[in-house]
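These are my notebook entries on what I looked up in one structure. I wrote each entry down as I went along.

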Amino acid sequence: MRRDAALKIVPAFSPHPFSGKPVLESAPLRRGFKRSALSRFDDSTWDLSPAVFRENARVCHMTVHFDRLSDSSVDCALREFLYARLNFDVPGHRNRLPPASIRQLFNRTRRFLEFVAAKRGACRLPSVDQALLDSYRDHLTSDVQRRAMQVAHLLEVVVELHHYRDHMPSGGLDLPPWKGRTAFLVAGARQTAGENKTPRMPEEVIAPLLQWSLKYITVFSADILAARAEIEALRERQNALIAADQRLSESMRRQRRHDRLTAYIEQLRGAGRGVPIWTTAHNGVIRNDPVTGADTPPINAHLIHMHIGVDTQAEPAEHVLLRMATKTLVLDAITELGAETGGIDTGVSIDPDTGRPWRPHFDAKTLLLEERMLQSACYILCAYLTGMRDCEVQAMRVGCLNVGRSEDALIERYAINSVVYKRRDIRGQPESWITIEPVAKAIAVLECLTQHIRRRQGGDTLWRVLDDGRSRKAHISAEVVRQLNAFRDHLNAQFATREAPIVPPGPDGRPWRITTRQFRRTVAWHIANRPFGTVAGMIQYKHAGIAAYEGYAGSSRSGFRNEVARERALGQLDDILVYFERRRAGEVLTGPAAARVTGELQQAIDKLDPLPGHIADPARVRAILAHVARTLYVGVLNDCFFDPATALCLNGKTERSTPAIAHCRPDRCPNSCIASRHRPVWAQAVEDAKMLLREKRLSELQRAALRRDVERIDAVLERTATSSLAAPSSRPSAI
């Protein structure tokens with residue numbers, strides 16, 4: 001056959017239209033990266049990290065590997081779709097995919113494309129019909145452990161393959177999947193806007209987390225930072241000794257190390273201290289003490305090496321317990337001097353609550369553990385007391401705290417400078433958060449905590465992986481969730497008893513699983529519904545609430561004010577449900593608004609007519625009493641069913657939409673309702689007033705005022721005494 005005839009039979013090779021193009025055609029890049037050096041369409045791995053600006057983004061989330069795909073048709077369709085999602089908008093449907101979401105979309109799309117290839121022999125999307133789409137939906141829903149919402153997210157990919165068909169050279173789905181119905185409708189999932197699905201931390205969980213985080217910052221941090229400074233100084237001295245020994249012969253090096261070991265043991269003898277052993281048998285090895293016969297953790301050779309200048313990574317044979325001469329010195333010394341746990345010179349402070357040291361002495365491993373716990377404590381304070389999202393907290397850098405001072409040089413307010421990413425350009429937008437002193441202390445501690453890491457690695461970000469010798473990651477990113485739960489477990493293991501854990505289990509009896517999103521939702525709920533609760537008293541909650549509410553990005557653009565308002569509405573519905581159940585149980589309300597509120601509750605009871613001993617449907621109760629719930633503001637002395645036309649606290653200024661709590665007159669205002677749970681506070685007020693009346697230095701006017709208060713409070717107590725029900729002190733958990 002002639003050559004020209006053969007060329008007509010064999011089609012000419014045509015490169016893919018996207019071949020050789022950078023995966024990111026127009027996305028902004030971080031400083032120092034050039035578009036010419038980005039991953040290309042044909043590359044086996046796409047690394048999109050140059051276009052990801054969030055400090056908490058994980059490397060695996062912005063990297064995809066095509067060499068794991070065995071079907072070439074799946075490979076081609078997947079590349080085209082991801083390229084289209086990254087570089088094209090479809091008005092009315094989808095904007096360009098954020099580069100940090102590439103791995104998630106890769107996995108979801110791959111699942112569908114491989115299903116098509118398995119059913120049809122190859123992945124040819126234009127030939128897909130509705131029957132195949134229905135088969136894929138049935139395949140997803142057949143897994144009983146897969147929730148409807150998860151199915152909906154997987155089906156969204158199918159819809160997008162139709163919308164992006166014009167941007168895929170080999171073609172997408174031609175037919176509109178399920179005749180244009182949404183993936184959520186097809187999956188049977190409710191796509192509802194409004195209530196946040198993130199679980200709210202119970203007060204018995206967030207309160208100890210907050211208390212012990214403050215304790216770590218204010219009490220324990222000084223010991224942890226001092227121990228780290230000692231370790232860093234020892235490391236520098238070790239490196240200097242090793243460098244000086246390099247110029248010597250092997251015999252001279254060994255002699256010098258022997259001399260330094262002898263001097264170190266003599267130093268321990270002079271100070272009346274023992275040879276260091278580890279705090280725990282972390283590698284499963286134990287030693288038997290020759291004097292006491294007790295089993296203990298092994299000798300802390302790591303600390304000894306730092307003192308005498310030995311690098312066992314470079315010279316394993318120089319380990320002090322492997323060479324006979326040095327091993328004999330160490331064993332003789334431990335027989336004479338005994339053992340000392342930890343071995344670091346830094347002392348351990350006295351816990352003011354127990355009067356004892358808060359932990360045993362440090363060694364390198366327990367120091368690293370406590371550093372991580374301290375980092376977790378810093379995160380809890382920063383996330384919870386500011387309302388910042390995780391990506392905003394982890395975008396904090398050295399110097400992010402600004403301290404404003406008034407003219408008399410007193411501290412006026414603290415502000416954190418960071419970056420908002422949600423609903424912003426992928427580069428984010430710089431913003432400021434007004435905060436309070438505990439957060440300022442946490443940031444100062446965090447800067448000191450990461451100083452040695454930043455000095456070695458460079459950069460000015462604060463949320464670093466602290467074990468810089470082993471981890472390949474620079475930032476904790478999503479690892480913070482595991483670390484927060486480790487903090488919970490550490491508190492229970494280190495400071496609690498089996499009978500009285502520091503952080504109790506959740507409602508299901510299992511340890512409460514902490515996630516970063518819970519902090520923002522929980523603080524929004526507390527600010528909205530319990531500004532005077534248990535947690536409030538610990539950290540001057542009103543100040544935190546005002547700071548977070550007023551100062552979060554200086555406006556409602558960040559969404560925190562809307563979140564507080566949403567949590568207030570949800571909290572009011574939960575509180576009215578408690579009123580309903582207490583009324584069914586027989587509680588008698590008092591106060592000027594009691595008749596009005598009781599009438600509304602009784603109407604709802606009559607309408608629902610639940611059987612005795614049965615719980616009424618909460619959704620129906622909330623719907624019937626929603627108009628009452630919108631006016632409910634829970635208080636300490638009373639609850640306010642707010643009506644601005646009759647509110648005494650407004651003094652005729654009816655333009656306000658919320659009560660002025662500071663001017664409340666709970667025994668007189670027509671909006672005031674007093675329940676049995678308020679009675680202990682009134683009783684305590686009487687006791688306090690009677691105690692003041694015993695003071696001899698009071699004037700007659702003061703005594704007269706106190707007597708009038710006692711009479712007024714006694715009248716309230718007399719009326720509330722008719723309420724025979726001892727009502728529960730908290731609402732049913734909505735978590």
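**Entry 1: a pair of helices**

I began with helix α8 (residues 250–270) and helix α9 (residues 301–308), which pack at an angle of about 110° with their axes 9 Å apart. The axes are lines fitted to C-alpha atoms, for helices over the stretch in contact, and the angles run from 0 to 180 degrees between N-to-C directions. That angle makes α8 roughly perpendicular to α9, where 65 to 115 degrees counts as roughly perpendicular, under 35 as roughly parallel, over 145 as roughly antiparallel and the rest as oblique. I noted the crossing of α8 and α9 as right-handed; a crossing is right-handed if the near helix is turned clockwise from the far one by less than a right angle, and left-handed if anticlockwise.

I then listed the residues in contact, which means heavy atoms within 4.5 Å. Arg257, Arg260, Leu261 and Tyr264 of α8 meet Leu303, Ile304, His307 and Ile308 of α9. Sorted by class, the residues of this contact between α8 and α9 are 5 nonpolar, 1 polar and 2 charged. Here Ala, Val, Leu, Ile, Met, Phe, Trp, Tyr, Cys and Pro count as nonpolar, Asp, Glu, Lys and Arg as charged, and the others, Gly among them, as polar.

I reminded myself that this is a predicted model, in which local features need pLDDT of at least 70 and side-chain atom pairs count only at pLDDT 80 or more, while totals for chains, interfaces and linings use all residues. Residues are numbered from 1 along each chain as its sequence is written, and side-chain values use heavy atoms, with hydrogens and water left out.

**Entry 2: a second pair**

I turned to helix α7 (residues 203–245) and helix α11 (residues 364–384), whose axes come within 8 Å and cross at roughly 135°. The two helices α7 and α11 are therefore oblique to each other, and their crossing is left-handed. The contact of α7 with α11 has 17 nonpolar, 2 polar and 3 charged residues.

**Entry 3: one cysteine**

Is cysteine 378 buried or exposed? Cysteine 378 is found in helix α11, and at 0% relative accessibility it counts as buried, which means under 20% relative accessible area, whereas exposed means over 50% and partly exposed lies in between (1.4 Å probe, protein chains only). Leaving out residues up to four places away in sequence, I found that cysteine 378 touches Ile217, Ala442, Val445, Leu446 and Trp463. I also wrote down that cysteine 378 and lysine 441 are 63 residues apart in sequence, yet 8.7 Å apart in space from C-alpha to C-alpha.

**Entry 4: two positive phi values**

I looked at lysine 179, whose phi is near 55°, a positive value in a residue other than glycine. Lysine 179 sits in the loop between α5 (148–163) and α6 (183–187), and it is exposed, with a relative accessible area of 80%. Serine 477, also not a glycine, has a positive phi of about 40°. Its place is in the loop between α14 (451–457) and α15 (479–495), and at 3% relative accessibility serine 477 counts as buried.

**Entry 5: the chain**

I ended with the chain, which has 24 helices and 12 strands; helices (H or I, at least four residues) and strands (E, at least two) are DSSP runs, numbered from the N terminus. Buried residues make up 46% of its 735 residues.
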